[in-house]
Amino acid sequence: MTHHFKGAEVSCCVKYFLFGFNIIFWLLGAAFLAIGLWAWAEKGVLSNISSITDLGGFDPVWLFIVVGGVMFILGFAGCIGALRENTFLLKFFSVFLGLIFFLELTAGILAFVFKDWIKDQLNFFINNNVKAYRDDIDLQNLIDFAQEYWSCCGAHGPNDWNLNIYFNCTDSNPSRERCGVPFSCCVKDPAEDVLNTQCGYDVRLQGVSQKYIYTKGCVGQFEKWLQDNLIIVAGIFVGIALLQIFGICLAQNLVSDIRAVKANW
């Protein structure tokens with residue numbers, strides 16, 4: 001009588017699903033990195049690395065570099081680990097993804113507990129970047145987008161632009177933009193087809209009028225936007241968390257399959 005024993009097998013579905021999932025992640029990470037490096041090359045940062053620390057405010061390119069770098073490393077580990085059935089890379093993928101999940105969870109809890117401190121830091125962050133508005137084109141575009149999207153001006157109001165050397169109202173300021181605000185603070189006229197980039201000139205000389213510019217600060221408007229879109233924002237974060245947990249479970253399942261196969265050798 002002949003007995004046939006079916007040995008343990010690595011699940012092809014798990015293996016190639018994890019591979020496909022991570023190759024998309026890897027390519028997206030590479031694209032983010034490429035965009036970030038291209039932006040730095042355009043600004044001359046790559047030819048003068050020391051200029052990275054020269055900007056007083058936040059350089060949005062850092063987001064592309066950091067996020068792209070993390071996605072590229074994670075995607076590489078998951079992709080090659082799944083394809084080559086490499087338990088070291090799969091464990092690295094799981095631990096790295098688990099660490100990111102833990103940091104996100106910790107940040108979320110701390111943000112909820114220390115709301116006032118977060119608000120103060122956001123205020124400081126915006127004002128710090130208001131000072132550096134003209135120092136970097138990417139930062140300038142980011143501030144303009146935020147002010148237009150949330151219909152706001154400055155951290156707490158238009159007078160925050162006194163922090164910027166080009167927009168402050170001091171008598172010693174020779175700038176044409178003296179006592180003004182960026183065009184992104186202006187209330188848009190629906191009848192205008194062409195964007196008036198000089199609409200903010202001199203608007204604070206005779207006091208601030210909500211007829212011409214946004215008078216609410218971006219900190220308050222951002223808080224209001226979060227409250228109005230709480231379900232959507234929470235849904236996005238929960239979706240990201242579930243994807244991370246799913247990725248960890250797939251990787252651990254594949255590691256278990258590989259170990260079971262090796263145990264039968």
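**View 1. Residues 61-83 form a helical span.** In this predicted model, the end C-alpha atoms of residues 61-83 lie 32 Å apart. The span is 100% helix and 0% strand. Helices (H or I, at least four residues) and strands (E, at least two) are DSSP runs, numbered from the N terminus. Residues are numbered from 1 along each chain as its sequence is written. Local features need pLDDT of at least 70 and side-chain atom pairs count only at pLDDT 80 or more, while totals for chains, interfaces and linings use all residues; side-chain values use heavy atoms, without hydrogens and water.

**View 2. Residues 16-41 carry a UniProt annotation.** An unreviewed UniProt entry places "transmembrane region" at residues 16-41, 61-83, 95-114 and 230-255. Such annotations may be inferred rather than shown by experiment; positions follow the numbering used here, and feature names are shortened. Residues 16-41 are 100% helix and 0% strand, with end C-alpha atoms 37 Å apart.

**View 3. Phe25 sits in helix H1 (residues 12-42).** Phe25 counts as partly exposed because its relative accessibility is 26% (buried is under 20%, exposed over 50%, partly exposed in between; 1.4 Å probe, protein chains only). Beyond neighbours within four places in sequence, Phe25 contacts Met71, Leu74 and Gly75 (heavy atoms within 4.5 Å). The C-alpha atoms of Phe25 and Leu99 are 17 Å apart.

**View 4. The largest nonpolar core has 21 residues.** Ile126, Cys153, Trp161 and Val181 have the most contacts inside this core. A nonpolar core joins buried Ala, Val, Leu, Ile, Met, Phe, Trp, Tyr and Cys residues through side-chain atoms within 4.5 Å.
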